[in-house]
Amino acid sequence: VAPLLSPMGSVFDAWCSNASQQTTHRQGCARYISDGVWLWGCAEIDDSDRGLRDAAQRAYSDVFAALSASPCHHLLRLWNFVSQINAMDDGLERYRHFNIGRQQAFLDAGRSAFDGAPAASALGTRQGPLRVFFLAGRQAPLSLENPRQVSAYHYPDAYGPRPPTFSRAALVGAGGGRSALFISGTASIVGHASVHVGDVGRQTQESLANMEVLRQLATKKSAAPFLAQNLSYTVYLRHAHDMAVARHVFEQAVGRDSAAAREAVYLQADVCRADLLVEIEAHGFAATEGGV
Ligand code: 3EB
């Protein structure tokens, strides 16, 4: 969906399940696969005729219809890809239209659009339909917020008529005495303001500082030691030419020789605020101390 910048040849996102029974389904514009414990899918819808606001609302209402017909009722993590995310439609930025439709779908489905919202990332592509990838499970996750940042669902309306619907991170039991942590797309935002505008190095540093707070909070809440060097990272850069600087700062933080540094994936994508140059997400697993 977003062009690869890492010198890796190719990468793909694989969510593995060891269950033998996996079934595929369709619900409106959403296609998904489930083993009854985890559910993974994508809602894909062209927004050029109906408009992005309506497309987002439909995509999410199809996702919710799919989940309500499944034992995997709880959204854990979403990845939203919106074409031309910073362009204007009818005098409003497309990301802001997206936020209106997304929040409306949460409200219509009776799902929390505030406290308890799932973890998410939102990125801009050059072209193509709206694509909403989603991961769901049987257990409600524990949503985490970052005390350094205003919760996105409480952003003031200077950032759009309806706030974004996501939590900063989600923590969920993964079976076998393990916990899974999903850190949302994290950017250089303190309070609700974008900071270090124009400076990709410092934006990368600030994003990592935000992620560090979430990692520590997750470790405390789950009694499972999530180590920074053991997480899997995706770094989204607005400009391909910022790769060297962002990579240097990132590798300094996680350790140049760590698995995290070697396996990090760098993608070119627009970030949902026009003044942000970088967004970083991460996920990982950790064993609960004492076992379960
Ligand atoms: C932010 O913190 C940066 O709209 O789903 C990051 C992750 C961001 C997810 C979303 C937006 C979203 O506001 C942008």
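Colleague: Hi! What should I know about the model and its numbering before we start?

Modeller: Hello! This is a predicted model, where local features need pLDDT of at least 70 and side-chain atom pairs count only at pLDDT 80 or more, while totals for chains, interfaces and linings use all residues. Residues are numbered from 1 along each chain as its sequence is written, and side-chain values use heavy atoms, with hydrogens and water left out.

Colleague: Great. Which residues come nearest to the ligand?

Modeller: Tyr 95, Arg 102, Tyr 155, Arg 168 and Cys 272 come nearest, out of 14 residues around the ligand. A residue is near a molecule if one of its heavy atoms lies within 4 Å of it.

Colleague: And which polar side-chain atoms lie by an oxygen atom of the ligand?

Modeller: One belongs to Tyr 155, at 2.7 Å from a ligand oxygen, and another to Arg 168, at 2.8 Å. Arg 102 has a side-chain N or O atom 2.7 Å from an oxygen of the ligand. A polar contact here is a pair of N or O atoms within 3.5 Å; within protein, one must be able to donate a hydrogen and the other to accept it, and residues adjacent in sequence count only if both atoms are side-chain atoms.

Colleague: How much of the ligand's area does the protein bury?

Modeller: The protein buries 99% of the 350 Å² that the ligand exposes when taken alone. Accessible areas come from the Shrake-Rupley method with a 1.4 Å probe, and for residues only the protein chains shown count as cover.

Colleague: You mentioned Arg 168. Which residues does Ser 151 touch?

Modeller: Arg 168 and Glu 145, not counting residues up to four places away in sequence. Contact means heavy atoms within 4.5 Å. Ser 151 sits in the loop between β9 (142–144) and β10 (169–175). Helices (H or I, at least four residues) and strands (E, at least two) are DSSP runs, numbered from the N terminus.

Colleague: Is Ser 151 buried or exposed?

Modeller: Ser 151 counts as buried because its relative accessibility is 14%. Buried means under 20% relative accessible area, exposed over 50%, and partly exposed in between, with a 1.4 Å probe and protein chains only.

Colleague: New topic: how many residues does the largest nonpolar core have?

Modeller: It has 39 residues, and Tyr 60, Leu 75, Phe 98, Leu 130 and Phe 134 have the most contacts inside it. The largest share of this core, 9 residues, comes from α1. A nonpolar core is a set of buried Ala, Val, Leu, Ile, Met, Phe, Trp, Tyr and Cys residues joined through side-chain atoms within 4.5 Å.

Colleague: What is Leu 130 in contact with?

Modeller: Leaving aside neighbours within four places in sequence, its contacts include Ala 43, Ile 45, Leu 52, Ala 59, Phe 81 and Phe 98. There is also a second, separate core of 32 residues, which includes Leu 144, Met 211, Phe 226 and Ala 261.

Colleague: On to helices. How far apart are the end C-alpha atoms of α3?

Modeller: They are 32 Å apart, which agrees with the 33 Å that its 23 residues should span at 1.5 Å a residue. The expected span is 1.5 Å times one less than the number of residues. Asp 199 caps the N-terminal end of α3, with a side-chain oxygen 3.1 Å from the backbone nitrogen of Gly 201. Just after α3, Ala 223 takes a positive phi of about 55°.

Colleague: And which residues of α4 are buried?

Modeller: Met 243, Ala 246, Val 249, Phe 250, Glu 251 and Val 254. These pack against α3 (200–222), β14 (232–237), α5 (259–263) and β15 (265–268). The helix has 12 residues (243–254) and reaches 16 Å from first C-alpha to last, close to the 16 Å expected. Gly 255 follows α4, with a positive phi near 100°.

Colleague: You named α5. Is Arg 262 buried or exposed?

Modeller: Arg 262, found in helix α5, counts as exposed because its relative accessibility is 55%. Its side chain reaches the backbone oxygen of Asp 257 at 2.9 Å.

Colleague: Last one: where is Val 265?

Modeller: Val 265 is in strand β15 and counts as buried, at 15% relative accessibility. Leaving aside neighbours within four places in sequence, Val 265 has contacts including Leu 4, Val 11 and Tyr 233.
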